[in-house]
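This report describes the fold of one protein for a reader who is new to structural analysis. Please keep the sequence and the structure in view while reading.

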Amino acid sequence: MEFIFTRRVIAFVILLTVVFLGCEVESQLECELRLTDYSYTPGDTITFQLVINNQTQDTIYTTTPSSQFFDLVIEGQKGNEIWCWSQGRLFTQSITRRVFPPGVTAKPIVFPGTIDGGKYLLLGEYKAYAILTVKPQIKTDPLTFWIVD
């Protein structure tokens, strides 16, 4: 009984260390969502760039609770979620370590141009934001783009 209790305490201490160390280093990461253009036609594939800036001179090691380390959400004119990159995807459910060297790391995220089995986005204004799934999560400022005729 004592051995099981000791293993649980050690596992809990390791988990707390990972969580608290993670909170400290993630605050040194800056995230931004970028586009090369802000105006698209219905059905266009849109490639976003998730830019992660390690503002330190040291490599930052982060952990995420699964193999997913980012997400991208597109919202409609009323603020409702239209599309989410992770929707319908499967991720390994294990603590995953990520490495961010000093400077900028860019990750392309592709929106295929359709939602709900082939529907195009309607003409209008949309907002997109990305989330790094580190603890605590880091959310980019919303990025506005338009679907035009």
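Strand 11 (124-132) and strand 13 (143-147) run antiparallel and are joined by 5 bridges. Two strands are said to pair if DSSP finds at least two bridges between them. Within this pairing, Ala128 has Leu143 of strand 13 as its bridge partner. Strand 13 also pairs with strand 2 (residues 39-40), in the parallel sense and over 2 bridges; there, Ser39 stands opposite Trp146.

The model is a predicted one, in which local features need pLDDT of at least 70 and side-chain atom pairs count only at pLDDT 80 or more, whereas totals for chains, interfaces and linings use all residues. Residues are numbered from 1 along each chain as its sequence is written, and side-chain values use heavy atoms, with hydrogens and water left out.

**Overall composition**

The protein has 1 helix and 13 strands. Helices (H or I, at least four residues) and strands (E, at least two) are DSSP runs, numbered from the N terminus. Of the 149 residues, 34% count as buried; buried means under 20% relative accessible area, exposed means over 50%, and partly exposed lies in between (1.4 Å probe, protein chains only). Contact means heavy atoms within 4.5 Å. Among contacts between residues at least 6 apart in sequence, 72% join residues at least 24 apart.

**Sheet and hairpin**

Three strands form an open antiparallel sheet in the order 1-3-8. Strand 1 (29-34) and strand 8 stand at its edges with a single partner strand each, so one side of each is left without a neighbour in the sheet. From one strand to the next, the twist averages 20°; axes are lines fitted to C-alpha atoms, for helices over the stretch in contact, and angles run from 0 to 180 degrees between N-to-C directions. Strand 1 is joined to strand 3 (residues 46-54) by 6 bridges, and Glu32 has Val51 of strand 3 as its bridge partner.

Strand 5 (residues 70-75) and strand 6 pair in the antiparallel sense over 3 bridges. The two strands form a hairpin with 5 residues between them, and Gly79 in the turn has a positive phi of about 85°. Val73 has Cys84 of strand 6 as its bridge partner. Cys84 is buried, with a relative accessible area of 12%. Apart from neighbours within four places in sequence, Cys84 is in contact with Asp71, Leu72 and Val73.

A positive phi also occurs at Asp116, a residue other than glycine, where the value is near 45°. Asp116 is found in the loop between strand 9 (114-115) and strand 10 (119-120), and is exposed, with a relative accessible area of 60%.

**Nonpolar core**

In soluble globular proteins, nonpolar side chains tend to be buried together. A nonpolar core is a set of buried Ala, Val, Leu, Ile, Met, Phe, Trp, Tyr and Cys residues joined through side-chain atoms within 4.5 Å. Here the largest core has 30 residues, of which Phe48, Leu72, Leu132 and Phe145 touch the most other members. Strands 1, 3, 5, 8, 11 and 13 each supply at least two residues of this core. Leaving aside neighbours within four places in sequence, Leu132 is in contact with residues including Cys31, Leu50 and Ile52.

In a regular strand the side chains alternate between the two faces of the sheet.

**Aromatic contacts**

The structure holds 8 aromatic pairs. Rings of Phe, Tyr and Trp (its six-membered ring) pair if their centres lie within 6.5 Å; planes under 30 degrees apart count as stacked, over 60 as edge-to-face and the rest as tilted. Two of the pairs are tabulated below.

| Pair | Centre distance | Plane angle | Class |
|---|---|---|---|
| Trp83 and Phe111 | 4.9 Å | 75° | edge-to-face |
| Trp85 and Phe91 | 6.0 Å | 40° | tilted |

Trp83 lies in strand 6 (residues 81-84) and Phe111 in strand 8 (residues 103-111), so their pair ties together parts that are 28 residues apart in sequence. Both partners are buried: Trp83 has a relative accessibility of 14%, and Phe111 has a relative accessible area of 1%. Trp85 is likewise buried, at 14% relative accessibility. Ring pairs link Trp85 and Phe91 with Phe69, Phe70 and Phe100 into a cluster.
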